[in-house]
Amino acid sequence: MPRERHTDPADQEQVTTVTNVQAPKAASRIPSPAQVTPLQHKARDRSAGDVPQALPDTPPTPPIQVTGAQSLVLSLESVGVDTVFGIPGGAILPAYDPLLDSVKVRHILVRHEQGAGHAAEGYASATGKVGVCMATSGPGATNLVTAIADAFLDSVPIVAITGQVNSKTIGTDAFQEADIRGITMPITKHNFLITNADEIPSAIAAAFHIAATGRPGPVLVDISKDALTAKTTFSWPPQVDLPGYRPVTRPHPKQIKAAAELIRAAKKPVLYIGGGAIRSGASESLKELVELTQIPLVTTLMARGAVPDTHPLHLGMPGMHGSVPAVTALQKADLLITLGARFDDRVTGDLASFAPEAKVIHADIDPAEISKNRQADVPIVGDIDEVVRELIGALKDDIDPSRFTPWRERTTGWKRDFPVGYTTPEEGLSPQYVIERIGALTGPDATYVAGVGQHQMWAAQFVDYERPNSWLNSGGAGTMGYSVPAAMGAKTAEPDRTVWAIDGDGCFQMTNQELATCVINNIPIKVAIINNSSLGMVRQWQTLFYNERYSNTDLHTAIGARVPDFVKLADAYGCVGLRCERAEDVDATIAKALEINDVPVVIDFVVERDAMVWPMVPAGVSNDMVTVARSMAPVWDRESEGEDD
Ligand SMILES: Cc1ncc(C[n+]2csc(CCOP(=O)(O)OP(=O)(O)O)c2C)c(N)n1
Ligand SMILES: [Mg+2]
């Protein structure tokens, strides 16, 4: 069943039903999928009432005789899909035939199914709409698994459609058979195996509804080949029965009241804002709450941009590589107002010593998250935007922001004394400088998509994020290879935006074949490879914790060899390839890349290898142990820190 638990047992009785279903009757002709009116898929609608509101208000389509494959394409058109990323193969082949006729659904042929999955994620994360990927059975489906797991951990709404072997041969180790439903059971919000063509429309409608409502996430629809080739009847909308699936979006007034009381009584509150705030589209209401209460805030790695970085009360990102003010404010707070965050171990460090004095308000749309890691004093189940709006309502006539002035002054003092920074190396190019300049020269309207590693942390630290969905990355899974295909998906969804993939030399080598997809399909992303010739983040740990024994982290991509030569690789794909090795060339190289908008651009920024990500809290220790450089704790001004430290 879908992942959300339900607080009210009465809700379990409810059935989500689309009415208006007409009895199937024979139709005289088989239409092209394009003959069905396209409908817009509503983004960011988290509610789930009696009608699946994530689905468009579709005028009913009279029943017509089609094949299962045609029914699938008609269903995708009817839920408003405009883009599918995928690769065909035997079991899914019947679906690719009617797809050729669809003028509403654009299929983008990728070079690896993992790329299709991440592209669907990038599409979804940039827009809030459901992203779609498609693959054949067996290895095609298993190649999607990493991206599905990634979407699960970061609550990204995607639907993965896979072909399956003929239903009669399921379980016989048939050619290209894999139990993809079983494999993805723990990493999908829900999944379906469809062997009856008549069930295709309802499965697709349900999949999109589940992916987009409540806590967003991946849904897999596995369809056997014989279901795709069978004759069936298509009509829309189908009946969708999801007993027990009724995500609670409206917070309980009693809990809001209790939260408002804790906020009014606090002296040292912090707004701890997580990725749920981005997924729920809560940025405007959050800004209002911050203005009203004047409470300092932090945004996690998944929430960068939820509140503009330049806001004076923004203390930065918390966690292992968080800013000193953000980490310290959480440690010393007496109240955490937790909004769509999940007390991830990368944020809390040693859980037992995390924010020891703090009471906790914990709001999340997924009740399973609340009190999972840290006991909540006031649990609130609901959509974050709705929770914040209700909190504003409860506080607006009765909050005195001057109550928090001493605390605000302390936190802004930490911000002044411990800005996130870096030292410029005597030799070689500073990776932080490159990333800082990309952000400064491109601006906040662009979308920035990171890989995983040091460059990801620097991209989180040194670009100012001023709008939600301008920062995409793999936070929960930490999937190397996310960046290029996710950037491709984001650029497909929003072609007028500049989209930067800020990637590592290691990550880039995992999925760079999607540059071919970008060139052929006119998706001109910009890729900045932060080339330190190493698996840099792993090397940093070897420097700090393994006595500088660099076991298997040298990639030979810049130092001593260029294997591969990224400029030549870019050229081979039909991209523009540029190289930059000196600080004085950084601005001109970025400017050149910004001028090229007809083909993808790849810049090989050859940077120094020994730069490290600071601040850092080593894994598993208390956040009190935050270090700002190697073996260097922040030097606190004890007198100004007050008695209670
Ligand atoms: C698929 C996958 N394999 C392995 C890892 C472990 N890992 C985390 S960061 C990293 C190094 C990344 O190297 P690179 O892309 O060059 O980035 P850098 O840290 O050098 O900026 C590795 C191997 C991972 N996160 N994902
Ligand atoms: Mg590297």
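**Helix α18 and beyond**

A: In α18, the buried residues are S483, V484, P485, A486, A487, M488, G489, A490, K491, T492 and A493. Buried means that 20 or more other C-beta atoms lie within 10 Å of a residue's own; exposed means 12 or fewer, and partly exposed falls in between, with C-beta atoms placed from the backbone. By that count α18 is mostly covered, with 11 of its 11 residues buried. Helices (H or I, at least four residues) and strands (E, at least two) are DSSP runs, numbered from the N terminus.

This is a predicted model, in which local features need pLDDT of at least 70 and side-chain atom pairs count only at pLDDT 80 or more, while totals for chains, interfaces and linings use all residues. Residues are numbered from 1 along each chain as its sequence is written, chains are lettered from A and ligands numbered from 1 in the order in which they are written.

What packs on α18? Helix α3 (residues 113-127) does: it meets helix α18 (residues 483-493) at an angle of about 45°, with the axes 6 Å apart. Axes are lines fitted to C-alpha atoms, for helices over the stretch in contact, and angles run from 0 to 180 degrees between N-to-C directions. α3 and α18 are therefore oblique to each other. Angles under 35 degrees count as roughly parallel, over 145 as roughly antiparallel, 65 to 115 as roughly perpendicular and the rest as oblique. The crossing of α3 past α18 is right-handed.

From α3 come G115, H118, A119, A120, E121, G122, Y123, S125, A126 and T127; from α18 come P485, A486, A487, M488, G489, A490, T492 and A493. Contact requires C-beta atoms, placed from the backbone, within 7 Å. By class, the contact of α3 with α18 has 10 nonpolar residues, seven polar and one charged. Ala, Val, Leu, Ile, Met, Phe, Trp, Tyr, Cys and Pro count as nonpolar, Asp, Glu, Lys and Arg as charged, and the others, Gly among them, as polar.

Next, the ligand site. Around ligand 1 there are 19 residues, of which G453, G504, G506, C507 and G536 come nearest. Two or more residues each come from α17 (454-462), α19 (505-511) and α21 (536-545). Near means a C-beta atom, placed from the backbone, within 6 Å of the molecule or strand. The shell around ligand 1 divides into seven nonpolar, 11 polar and one charged residues.

Helix α16 (residues 431-442) and helix α23 (residues 586-595) cross at roughly 45°, and their axes come within 10 Å. That makes α16 oblique to α23. α16 passes α23 in a right-handed crossing too. On the α16 side, the contact uses Y433, V434, R437, I438, L441 and T442; on the α23 side, V586, D587, I590, A591 and L594. Eight of these are nonpolar, one is polar and two are charged.

F605 is buried, with 29 other C-beta atoms within 10 Å. A528 sits 77 residues from F605 in sequence, yet 6.8 Å away in space, C-alpha to C-alpha.

V388 belongs to helix α14 (residues 384-395). V388 counts as buried, with 29 C-beta neighbours inside 10 Å. Beyond four places in sequence, V388 is in contact with A282, S285, L286, L289 and L339. L286 is 102 residues from V388 in sequence and 6.5 Å from it in space, C-alpha to C-alpha.

Last, the backbone in the loops. The loop between β19 (601-606) and α24 (638-641) holds P615, and the peptide bond from W614 to P615 is cis, with omega near -5°. S631 is in the loop between β19 and α24. Phi of S631 is near 55°, positive in a residue other than glycine. S631 is exposed, with 6 other C-beta atoms within 10 Å.

Another cis bond joins W236 and P237, with omega about 0°. P237 lies in the loop between β8 (231-236) and α9 (253-265). D173 has phi near 60°, again positive in a non-glycine residue. D173 sits in the loop between β5 (158-164) and α6 (180-184). With 8 C-beta neighbours inside 10 Å, D173 counts as exposed.

Conventions: A crossing is left-handed if the near helix is turned anticlockwise from the far one by less than a right angle, and right-handed if clockwise. Two residues are in contact if their C-beta atoms, placed from the backbone, lie within 7 Å.
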